[in-house]
Amino acid sequence: MPIALTRRLLLASPALSVLPRRLWAAEPIGTTRSLTGTATLTRTGGAYPLHPDDPLTEGDMVATAADSLATLELFTQTQIHLGPDAQFTIDRFTADLGGVISIGGAVVFDRPDDLPPLDLTVQSAFAQIGVRGTRFFAGPSRGTYGVFVARGRVVVQAAGASRTLLAGEGVDIASAGAAPSAVARWGEARIAEAFAGLGLTP
């Protein structure tokens, strides 16, 4: 192969490696607000490095690396903060209506109170969380899986049991498949620890 042609192909290869991601992108329903460290976007069977301002579409999965943080926003002014080694998948979502998202690791969901509520279900390996416009934490906390509501209201369902949480309240789930604990008010120190793990304040 002529040297000039070989050089042109080598120079073109980085562009080719990212081209499919742009071609496969459907109508965006969200965006990447910020990223500290590294994260991966998986779409249509391919995995790509995530960057700030990258669009998000239905079916996308974002996974943060260790010591990394990401803030995503769905086009309803709904922000999803991901902690280290966390995952977020848009299973099904329609702006201003809701849908189903899946999470793993530590996540903070944040939606302004003055917006209409979403009919949104958050799935994890530990529980199903019904959301009605709120700010809450879900993820590892002091050796267990915790769900805590900073404002608003959520319904946590696991192992056939259901718990309704209001602002200041949380539950623990000892393991996947276990029922949630009784609803309890979390202390300030535990709340601060949970949010600090995602670079946030309560």
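**Close-up views of a predicted model**

View 1. Nine strands make an open sheet, ordered β4-β1-β6-β7-β10-β13-β14-β17-β18, with antiparallel pairing. The edge strands are β4 (55-56) and β18 (184-185), each of which pairs on one side only. Strands here are DSSP runs of E with at least two residues, helices are runs of H or I with at least four residues, and both are numbered from the N terminus. Two strands pair if DSSP finds at least two bridges between them. The model is predicted: local features need pLDDT of at least 70, side-chain atom pairs count only at pLDDT 80 or more, and totals for chains, interfaces and linings use all residues. Residues are numbered from 1 along each chain as its sequence is written, and side-chain values use heavy atoms, with hydrogens and water left out.

**View 2. Strands β1 and β6, with helix α2 on the sheet.** Six bridges pair strand β1 (residues 30-36) with strand β6 (residues 69-74) in the antiparallel sense. Leu 35 has Ala 70 in β6 as its bridge partner. Helix α2 packs on the sheet and touches β10, β13 (135-141), β14 and β17. Contact means heavy atoms within 4.5 Å. The direction of α2 makes about 100° with that of β14. Axes are lines fitted to C-alpha atoms, for helices over the stretch in contact; angles run from 0 to 180 degrees between N-to-C directions.

**View 3. Arg 151 and its two aspartates.** Asp 110 forms a salt bridge with Arg 151, with the closest N and O atoms 2.6 Å apart. Asp 110 lies in strand β10 (residues 107-110) and Arg 151 in strand β14 (residues 144-151), so this pair ties together parts 41 residues apart in sequence. A salt bridge is a side-chain nitrogen of Lys or Arg within 4 Å of a carboxyl oxygen of Asp or Glu. Asp 113 also meets Arg 151 in a salt bridge (3.1 Å, N to O). That pair links distant parts of the chain, 38 residues apart: Asp 113 sits in the loop between β10 and β11 (119-123), Arg 151 in strand β14. Asp 110 is buried at 17% relative accessibility. Arg 151 is partly exposed at 24%, and Asp 113 is exposed at 52%. Buried means under 20% relative accessible area, exposed over 50%, and partly exposed in between (1.4 Å probe, protein chains only).

**View 4. Helix α2 tied to strand β17.** The side chains of Arg 190 and Asp 172 meet in a salt bridge (2.6 Å, N to O). Arg 190 lies in helix α2 (residues 188-196) and Asp 172 in strand β17 (residues 169-173), so the pair ties together parts 18 residues apart in sequence. Arg 190 is buried, at 12% relative accessibility. Asp 172 is partly exposed, at 23%. Elsewhere, salt bridges that share partners join Asp 110, Asp 113, Arg 135 and Arg 151 into one network. The whole structure holds eight salt bridges.

**View 5. Surroundings of Gln 128.** Gln 128 belongs to strand β12 (residues 128-131). Gln 128 is partly exposed, at 30% relative accessibility. Beyond four places away in sequence, Gln 128 touches Thr 121, Val 122, Gln 123, Val 155, Val 156 and Gln 157. The C-alpha atoms of Gln 128 and Ala 158 are separated by 6.5 Å, although the residues are 30 apart along the chain. A polar contact of 3.3 Å joins the side chains of Gln 128 and Gln 123. A polar contact is a pair of N or O atoms within 3.5 Å; within protein, one must be able to donate a hydrogen and the other to accept it, and residues adjacent in sequence count only if both atoms are side-chain atoms.
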